[in-house]
Amino acid sequence: MGRLISTRLAAFVMTLFAASIVLFLTINILPGSAAKSALGMEATPQAIARFEAQRGLDRPLVVQYVEWLSKTITGDFGTSFQNSVPVGPELLKRIPVTLELATLAFLIANLVAIPLGTLAAARHTRASDKTTTFAATVLGAVPNFWLATLLIMVFSLNLRWLPPGGFTSFVDDPAQNLRQMIMPALSLGLVSSALLIRIMRASMIEVLSSDYIRTAHAKGANETIVIRRHALRNSLIPYMNVAAVEFGFLFGSAVVIEDIFRLPGVGSLVLVGIINRDFPVLLASALTITVFVLVVNLIVDLAVGLLDPRRVKGSQA
Amino acid sequence: MISVLRDFDWRRWRLVLTGGTIIGLILICAIFAPWIAPYSPYDLDVVAMLQSPSGAHLLGTDELGRDLLSRTIHAARISMEVAFIAASVGLIFGTLIGVAAAYFGGLVDMVLMRFMELLFSFPAILLAVVLMASLGTSILNAMIAIGIVFIPGFSRLARAATEVVLREQYVEAARAIGMGHGRIVFVEILPNILAPLLVEAAVAFSYAILLESALSFLGLGAQPPEPSWGNMLNTGRGFMGQAPWLSIVPGAAIFFSVLGFNLIGDGLRDVLDPYMKE
Amino acid sequence: MTESRQHALQDRIPTLRIRDLSIEFARRRGDALKVVDRVSIDIWPREIVGIIGESGSGKTLTSLATLRMLPKRAVIAKGTMHLGETSLHDRSEREMRALRGDRIALIPQDAMQSLNPTMRIGRQVGEPLELHSGYSVSSALEAAGKLLGSVHIREPEKRVLEYPHQYSGGMQQRAMIAMGLALNPQLIIADEPTTALDVTVQAQVLKLLREIRDQKGASILFITHDLGVVAELCDWVYVMRNGEIVEDGAVRQIFTAPRAEYTRMLLDATPSIHTTPAVAR
């Protein structure tokens, strides 16, 4: 297990490093625009030159990258072009919001997908299987931002059960926090579950046709025991690998969903960074989301290692 | 002729036909929008603002009194255009990269595919959004950004398919008789890896529609007054209480196009690979 | 039958009696494909009975029918099956579950594939005790240790905690046998249990099966396509082809004076056995 962790950690650091280069280059590849958007379109060339010189934007990209990276590693995310406020503290305030949103959504997605996928597989080729598969196909085509809008219309505007947006910290008021989080998490989680249902079903069907399941039946185990004790763990191994990717996508979709529900998370900060062309803000928030994705992949990878004894001992990779 | 129809295995092609019908209808809307739409999508009518669906305006009007049905029909153009161009960008560049990686192998393979894996590790929306920040907000840039997002997926698939083809005898033979790289790639490899790439393209179409509408929804894609389902949905947000149809209609349009392409993709996969089913 | 079966006179009821069993595969257009046709088999107490035949001869389906674990589209069209005095052909699924693993055990062909890769061997071996005798997990695990010891696995207390991939092929098959033995079943169905093993390990497993018969008094239905194994292990043999029984008889008689043309062909295809009269006992 120790070796598995260390190789995975090394790969994680390498990927993160490479990802930071890609993000930095993508955002900074077009010169001059940052100054224009910060100073306005009528800014004189002198003013632009001064703006760029002050922030070191006139230097070669490599130099800028090295400087940015070394600062970022020490936790200094620079200051906003827009209002000269340090980005780091702002980011720190927003991280819990996005983490809570994505985690809740992931929980919902799995709570829907694992039982439904299992059920569909156990009733393979029967009506309830067909219904589930059809429902998953339909659900998978729903844009999560549309689902979010529909949820607001029904539960906030018509039934007036839930607030249409805003954020209260879980520490301050847990009940209000959950009331505000449930719709954002549902719109992300339900749509994600569509894909996961299909993965779980396929994985479970494969496992249920294996020889060791026949062994379990030959021992006199009933359907419930066969699925719970023998099939579930084995079918979760391939499932979790896909779920990890989906978890990463949830962080990406947070950009849209946080905007709809006015959640002050990292995702909506990405949007603020883009609309203001505030590159330090954009870079810091996009990098944070990338870190979330990579960390989630790392954790799930190790968790799958725990599920699968073949990977714990004698691990080659 | 009749016997051909009778022998055709409808069950096998059920999904493709259903999806194809949906997409066909949407394509007709996109192509013939000016003739089908009852009104111009841009004509303001201050007297008829935010009207609910009626005989005159089947799906109602928006906050500027424009006919929602006409705007929805016209918006199909942008969605289909983006889907087509973005998927093509992804397909062409992804295939080039994937084939090159498999064909040349070694260092080329490693560098290209590592980079693709890296791009793959970003969530698609985040990558598209960041690219939009760099390219600037416009619908053309949205097509490019979404196309770039698709490149890693296509390249991975193309590489795997090419490796299978390369193991076949006839590529060996082509090499032995001194066929050049270009001819081997275009004559021997590309035709043989097309099938899985086309299935992936159907999926890419649906994903492109989702991404474009998400970008336009955030104000980063198609810019008003040009109608796109995404920016119409964005406008609708402001009038959810008074005019729910402004949110329901464009969302439903996105839903049906995504569903249509997904059904085609699923169906093609089943038809091309009978072992995947059951 | 030239050589009468001694048991038939002593015990009046066989361990397993199959009469006129027919199995059919349902096909799309309503007609059915008969894959096992009017098969009758008797297995007497303490007897090792072989069914020999090529793949597709229906031998495995016959054994699965005994457990009522046929693949989904296969159905028992006709015939009766009795385990002692208990009828099998008309049991409900629930009643069958009570018999499986308790009175009938299955030792499958591919032990590696037949063991759950993510469950400790001990838990799997002791599971019949959990299912049928209300053992707790820990006491089942303890019993599993003893069972593993009885099939000659060294350091069984340590080995119960290991996973299938940590076992060699021979050990995996012995673990499967230990699992089958957990509740002292009357009947053990061994479906080509030695096919995947190399020759020395194969010999050990066969020896173990004979020991089980001798010490525990179980009857064994041994399914194989290997005449050599039949000669070494079985008392009585049924030869199957295309879903039908071609002939049956005591091992010595089948090898020395086969009556069916097909049996003769099988024997000719394995000359080393034909010439060696080293028939088991």
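**View 1. The bridge partner of C:His82 in a predicted model.** Within β5(C), C:His82 has C:Ser87 as its bridge partner. Two bridges connect β4 (residues 74-83) of chain C with β5(C), and these strands run antiparallel. Strands here are DSSP E runs of at least two residues and helices are H or I runs of at least four, numbered from the N terminus; two strands pair if DSSP finds at least two bridges between them. This is a predicted model, in which local features need pLDDT of at least 70 and side-chain atom pairs count only at pLDDT 80 or more, while totals for chains, interfaces and linings use all residues. Residues are numbered from 1 along each chain as its sequence is written, and chains are lettered from A and ligands numbered from 1 in the order in which they are written.

**View 2. The open sheet of chain C.** Its four strands follow the order β2-β1-β4-β5, with antiparallel pairing. At the edges, β2 (32-43) and β5 (86-87) of chain C each pair on one side only. Helix α2 (residues 59-67) of chain C lies across β1 (16-26), β2 and β4 of chain C, at about 110 degrees to β1(C) (axes are lines fitted to C-alpha atoms, for helices over the stretch in contact; angles run from 0 to 180 degrees between N-to-C directions).

**View 3. Where chain A meets chain B.** The contact draws 38 residues from chain A and 31 residues from chain B (residues are in contact if their C-beta atoms, placed from the backbone, lie within 7 Å). On the side of chain A that touches chain B, the largest share, eight residues, comes from α10(A).

Definitions and conventions:
Two residues are in contact if their C-beta atoms, placed from the backbone, lie within 7 Å.
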